[in-house]
Amino acid sequence: MKKPKWVVQKEQDKKAQGRETVWLFGLHAVRDALMNPDRQKIRLVVTLNAHNKLSDAIDGAGITPEIVDPRRFSVPLDPGSVHQGAAMEVKPLEWGRLEDVCIGPKSPRVILLDRVTDPHNVGAILRSAEVLGASAVVGTRHHSAPETGALAKTASGALERQPYIRVRNLADAIRDLQNMGYLVLGLDGEATQTIEMAVEGKRDRAVALVLGAEGPGLRDKTKETVDALVRIDAAGQFGSLNVSNAAAIALYASKAPVDRA
């Protein structure tokens, strides 16, 4: 019996993911990946100077580095990448399913990204999510930034600690979170209520914040699926925020009540 097309595609995607590797670069990104026991490390290329700076992390990771001349640092990085003499080939991290990372602490907060493709923006969002205590950052498998060296470098180590998962369908993920008890809020500059208004009396609930790409914003399907559209309270009509800045402000504005017991 012939397999349905969707089954064949799913099997092909799984095989492709199994072969996929990522080159991380920069001292911070490489150090944190070396120190992450869940990170599968394949190849480490460093200059002597970078090796000296990373020696403790390298010894702890149990990987044998290739020490190269700075003028012959031939690894497959984009031109202009500031590698600081350190690059490591790794397997992408496996964080598990949505429910694995979004059910946990009291009053969790989650960020969902609707077609945010810039790795620098996603890296900055991961950094803010870690600092502000988000349970996860969720993107889509297509039309969102994959795990890359540029993303990891911008995240400044947060990629190794902050769950970043990519789902097949964002609307389905929103409904899954709603079924888990999440209040799902979509950020839209034209919304009539602010984030603070939407969470008034509900800060003890799990909250998910959905942000769209700069310019297009949220897709119509996303707007139809969220529980409410909200905006960031602004001082005046002076333009829009970068999506990574908006994510940080939204997390702070929706923060759960502090348990002083």
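This is a predicted model: local features need pLDDT of at least 70, side-chain atom pairs count only at pLDDT 80 or more; totals for chains, interfaces and linings use all residues.
Student: Happy to start with the overview! How many helices and strands does the protein chain have?
Tutor: Good place to begin. The protein chain has 261 residues, and 44% of them count as buried. Its secondary structure comes to 10 helices and 10 strands.

Student: What share of the contacts with a separation of 6 or more comes from residues 24 or more positions apart?
Tutor: Here we take the contacts in the protein chain with a separation of 6 or more. Residues 24 or more positions apart account for this share of them: 79%.

Student: Let's zoom in on Arg109. Which side chain of opposite charge is nearest to Arg109, and how far away is it?
Tutor: Arg109 sits in strand S5, residues 109-114, and is buried. A salt bridge needs a nitrogen-to-oxygen distance within 4 Å. Arg109 has no salt bridge, and the nearest side chain of opposite charge is Asp204, at 7.3 Å.

Student: Which backbone oxygen lies 2.7 Å from a polar atom of the Arg109 side chain?
Tutor: Two backbone oxygens come up here. The side chain of Arg109 reaches that of Ser107 at 3.2 Å. The one at 2.7 Å belongs to Arg205.

Technical notes
Residues are numbered from 1 along each chain as its sequence is written. Side-chain values use heavy atoms; hydrogens and water are left out. Helices (H or I, at least four residues) and strands (E, at least two) are DSSP runs, numbered from the N terminus. Buried means under 20% relative accessible area, exposed over 50%, partly exposed in between (1.4 Å probe, protein chains only). Lys and Arg count as positive and Asp and Glu as negative; His and the chain ends are not counted. A polar contact is a pair of N or O atoms within 3.5 Å; within protein, one must be able to donate a hydrogen and the other to accept it, and residues adjacent in sequence count only if both atoms are side-chain atoms. Contact means heavy atoms within 4.5 Å.
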